[in-house]
Amino acid sequence: MLPTDAFSMRIGTMRQSLIRKVFDCKKSTSINLGLGQPSENVPAEIIDEGMRRLKQGDMGYTANAGMLSLRDIIARSHNLPFAGSAENVVVTCGAQEAILAAMAACLDAGDEVIVGDPAFPGYAMAAEFLGARVVTAPRFEAEGFRLNTAALAEKITSRTRLVVLNSPGNPTGKCDAEAELKTLAELADRHNFYILSDEIYSDILYIPSAMPSATQFSSRAILVSGLSKNVAMTGFRLGYLIAPNKLAGSLTRSHAVLTTCAPTLSQYMAAYVFENPRLRKVHLPLYTERRANAINALNANLPHLPHTTPDGAFYILLNCAGFTSDSLDLALKILEQTDVLTTPGLAFGESTRQWLRLSFAGTPANFTTGIERLAPFFKNQTAA
Ligand SMILES: Cc1ncc(COP(=O)(O)O)c(C=O)c1O
């Protein structure tokens with residue numbers, strides 16, 4: 001049944017984000033291991049550039065696809081085999097809008113989009129918002145939840161229009177393997193679907209050789225990325241798409257309907273980041289330390305709970321199968337009893353129903369305190 005305050009079937013029947021469901025119960029005192037929100041500020045020189053541009057004025061609309069100079073430098077920075085110029089780039093309001101714009105350009109109502117289980121919930125929400133059908137393809141714990149193309153192939157039908165990848169992944173922190181990506185590229189040609197490759201965490205990579213990209217192997221791939229995570233510009237809403245020529249025009253049209261253009265100030269700041277490429281990895285040393293601290297804190301305080309070790313991004317999955325069959329209940333109970341915010345694995349799919357996602361995007365002290373509070377909590381729980 002529709003909630004009484006819903007104005008459309010589209011909104012009334014949309015799935016609710018379980019990440020937000022727990023987040024909305026948090027207090028101002030809560031230790032936040034929940035959100036993927038970097039704790040540090042945007043680097044001062046990027047802010048200085050923004051201030052300089054603001055004072056200069058010229059903050060009106062840009063071209064729908066974004067400023068030509070910005071699109072040009074984004075294209076050159078990525079140097080994809082099938083997309084080499086500004087014409088291939090669309091600058092969006094964050095990666096989430098990039099995902100919605102790409103789906104709107106590729107999917108009609110009733111078309112099918114395959115997402116991983118587990119996967120970032122923003123994909124399913126965007127697809128359902130457009131009236132597309134979400135089909136999940138399992139990823140297996142024993143394989144680190146990486147892409148398993150054989151399992152995915154079983155889900156392909158004549159309505160499949162898009163397959164979504166995310167590497168390094170949220171919530172898994174894992175990168176997909178080259179061989180699987182090559183097989184997927186062959187399947188995309190054979191079955192005539194596109195691949196949406198969300199690589200928003202690609203500058204936060206702890207094992208540099210670990211990240212092959214679908215865009216290296218398929219001219220049917222669309223890259224999604226942005227500056228929310230690598231330079232902590234979440235609130236500036238700066239994302240982008242890079243797509244093959246035949247798709248770029250459609251992407252611009254759907255993006256223009258959604259938001260006209262990305263914020264002009266953020267575009268100037270982004271141009272500065274791409275002109276100074278060291279900035280894209282400016283926080284990597286910090287996250288490398290935070291990752292080590294997080295693994296130490298888990299091993300010291302919760303040695304009986306298995307956890308993942310991320311190749312990239314800033315998330316760790318904690319296996320709570322011994323304690324719960326429903327991570328939403330568990331996360332709410334943890335918040336109530338310890339004032340620590342975690343994210344239920346169920347938010348990402350059935351395969352992580354018994355897991356919690358922990359974010360180490362905040363300070364090491366914050367993470368350690370949170371884990372130290374979880375230790376007595378789990379000690380007092382009877383095994384499920
Ligand atoms: C995998 C993934 N893609 C996209 C996004 C959305 O990024 P943005 O804040 O740039 O919209 C997120 C945010 O958490 C994410 O984890």
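Me: How far apart are the centres of domain 1 and domain 2, taken over C-alpha atoms?

Reply: They are separated by 25 Å. Keep in mind that this is a predicted model. The assignment puts 9–41 + 282–380 of the protein chain in domain 1, and 44–280 in domain 2.

Me: And how many residues of domain 1 are in contact with domain 2?

Reply: One general point to start: the size of an interface is often given as the accessible area lost when the parts come together. Here we have contact counts to work with: 33 residues of domain 1 touch 35 residues of domain 2. On the domain 1 side, helix H11 (284–301) and S9 each supply at least two residues. H11 has the largest share of that side, with four residues. Sorted by class, the side of domain 1 that touches domain 2 holds 14 nonpolar, 12 polar and seven charged residues.

Me: S9 came up there. Which strands share an open sheet with S9, and in what order?

Reply: The order is S9-S12-S11, an open sheet of three strands with antiparallel pairing. Strand S9 (315–319) and strand S11 (343–344) stand at the edges with a single partner strand each, so one side of each has no neighbour in the sheet. S9 pairs with strand S12 (residues 355–359) over five bridges, in the antiparallel sense.

Me: Is Pro-171 buried or exposed?

Reply: Buried, because 30 other C-beta atoms lie within 10 Å of Pro-171.

Me: What does S8 pair with?

Reply: Take S2 to begin with: S2 and S8 are antiparallel, paired over four bridges. Thr-92 has Gly-239 in S8 as its bridge partner. Then there's strand S7 (residues 221–226), which also runs antiparallel to S8 and is joined to S8 by four bridges. Ser-225 finds its bridge partner in Tyr-240 of S8.

Me: Now a helix. What span does H10 reach, and what is expected?

Reply: Helix H10 (residues 264–275) has 12 residues and reaches 17 Å from its first C-alpha to its last, close to the 16 Å expected at 1.5 Å a residue. Its buried residues are Ser-266, Gln-267, Tyr-268, Met-269, Ala-270, Ala-271 and Val-273. Among the elements covering the buried residues of H10 are helix H3 (44–56), helix H4 (68–78) and strand S2 (89–92).

Me: Last one: which residues come nearest to the ligand?

Reply: Gly-94, Ala-95, Gln-96, Asn-170 and Ser-228 do, out of 14 residues around the ligand. Helix H5 (residues 94–106) gives the most to this shell, with three residues. By class, the shell has three nonpolar, 10 polar and one charged.

Terms used: Residues numbered from 1 in each chain as written. Predicted model: local features only at pLDDT ≥ 70, side-chain atom pairs only at ≥ 80, totals over all residues. Pairing = 2+ DSSP bridges. Domains from an automatic or database assignment. Contact = placed C-beta atoms within 7 Å. Nonpolar A, V, L, I, M, F, W, Y, C, P; charged D, E, K, R; others polar. Near = placed C-beta within 6 Å. Expected span 1.5 Å × (residues − 1). Buried ≥ 20, exposed ≤ 12 C-beta atoms within 10 Å, placed from the backbone.
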